[in-house]
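Welcome, and please take a moment to look over the sequence and the model. We will walk through it together, one place at a time.

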Amino acid sequence: MPLIENSSYKKPFYYWNGHWETIIPSMFRKIEGVAYQRERLELSDGDFVDLDCLNQDSSKLAIITHGLEGNSDRHYAKGMAKHFFQNGWNAIAWNCRGCSGDINRLPRFYHHGATEDLAAVVQHALDSNRYKTIVLIGFSMGGSMTLKYLGERGIAVNPTVKTGVVFSVPCDLGASASELDKPSRKFYLNRFLKKLSVKIKEKSKRFPKLINAEGFDQIKSFREFDNRYTAPLHGFKNADDFYERASCGPYLPTIQKPVLIVNAWSDPFLPTSCYPADFAKSHQYVYLETPKYGGHTAFSLAGKKENWMELRALEFVNHNSE
């Protein structure tokens, strides 16, 4: 499929660089007029995830997966749910374990490669027998999870699941983690670690024999965090094993549904290995769009309440979900 280098996205002139593009919408964009209905989905291992739903009389559903330490209320997830709902779709913006405001029950939480929870959400939607069309939309970590889900299953993906659209995806998880260790990226790293520390400290109270929060504030990189917490809590040997096995990149070749990956060159989270251009040129189903601008899960439009991600996602699925 073609590599889409001439993207239609045009950034507002007042966003000077990728950091401004990323930070300003994250801090200030508000999505009004969304009244989610919450549903708790019990999982087979005794845990749960919370689904925030927009329902109407529709046979089409968009399942939306947020990014690391995000949730269904983040501007990008809520805006996407609203846009699809206004165009005749139902939407499920689901919250990964521990991200809905209620801490999850088990010691483990979530990570880039934890596709079993996305699979449970998809199956829940299929079991309702309401939908003829389901599309998957993911942002950053949620995009990684979406691609890995589709690649793991290949031709076995249920035919009701028609396509996927993902934005700002760390296709090479280890390289992206290293990118965020750079001095110019420490703002993002520290923000993530601050949010993760709240959960780790809460879990250490619940599971003191498994999780030790002492010294957490001394962690200075994702690799340290993943070696200490992500890997042992989720069955990986260490951070390198986690990065290798959880990255979506190795699963791209086996995707058998049309998917659009949109990674902006101005994204401060992504090194060059997260832009699989040569691969996309030769794959039947994987489209890669690389706008020059857009930042990380931002893609703002001047004078518009919608962002470009919402318009582009709906455009792509309308062309690929028949």
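Asn-129 is exposed, with 70% of relative accessible area. Keep in mind as you look that this is a predicted model. You can find Asn-129 in the loop that links helix 3 (115-127) to strand 6 (133-139). Its backbone deserves a glance too: Asn-129 is not a glycine, yet its phi is positive, at about 55 degrees. Most residues other than glycine have a negative phi.

Now turn to Glu-69, another residue other than glycine with a positive phi, here near 55 degrees. Glu-69 sits in the loop between strand 4 (60-65) and helix 2 (75-86). Is Glu-69 buried or exposed? Its relative accessible area is 8%, and because buried means under 20%, Glu-69 counts as buried.

Next, let us see how two helices meet. Helix 1 (residues 18-28) and helix 6 (residues 186-206) have axes that come within 12 Å, crossing at roughly 30 degrees. On the helix 1 side, the residues taking part are His-19, Thr-22, Ile-23 and Ser-26. Their partners in helix 6 are Phe-187, Tyr-188 and Arg-191. Sorted by class, this contact of helix 1 with helix 6 has three nonpolar residues, three polar ones and one charged residue. An α-helix has 3.6 residues a turn, so residues three or four places apart point the same way. With that in mind, look again at the spacing of the numbers on each side.

Helix 6 also has a part in our next stop, helix 7 (residues 222-233), where it is among the elements covering the buried residues. Which residues of helix 7 are buried? They are Phe-222, Phe-225, Asp-226, Tyr-229, Thr-230, Ala-231 and Leu-233. Besides helix 6, their cover includes helix 5 (173-179) and helix 8 (239-246). Just after helix 7 comes Gly-235, whose phi is positive at about 85 degrees.

Finally, follow the chain into helix 8, where you will find Phe-242. Phe-242 is buried, at 3% relative accessibility. What does Phe-242 touch, leaving aside residues up to four places away in sequence? Two of the buried residues of helix 7, Asp-226 and Thr-230, are in contact with Phe-242. Phe-242 also touches His-111, His-112, Leu-173, Phe-236 and Ser-247.

Conventions
Residues are numbered from 1 along each chain as its sequence is written. This is a predicted model: local features need pLDDT of at least 70, side-chain atom pairs count only at pLDDT 80 or more; totals for chains, interfaces and linings use all residues. Side-chain values use heavy atoms; hydrogens and water are left out. Axes are lines fitted to C-alpha atoms, for helices over the stretch in contact, and angles run from 0 to 180 degrees between N-to-C directions. Helices (H or I, at least four residues) and strands (E, at least two) are DSSP runs, numbered from the N terminus. Contact means heavy atoms within 4.5 Å. Ala, Val, Leu, Ile, Met, Phe, Trp, Tyr, Cys and Pro count as nonpolar, Asp, Glu, Lys and Arg as charged, and the others, Gly among them, as polar. Buried means under 20% relative accessible area, exposed over 50%, partly exposed in between (1.4 Å probe, protein chains only).
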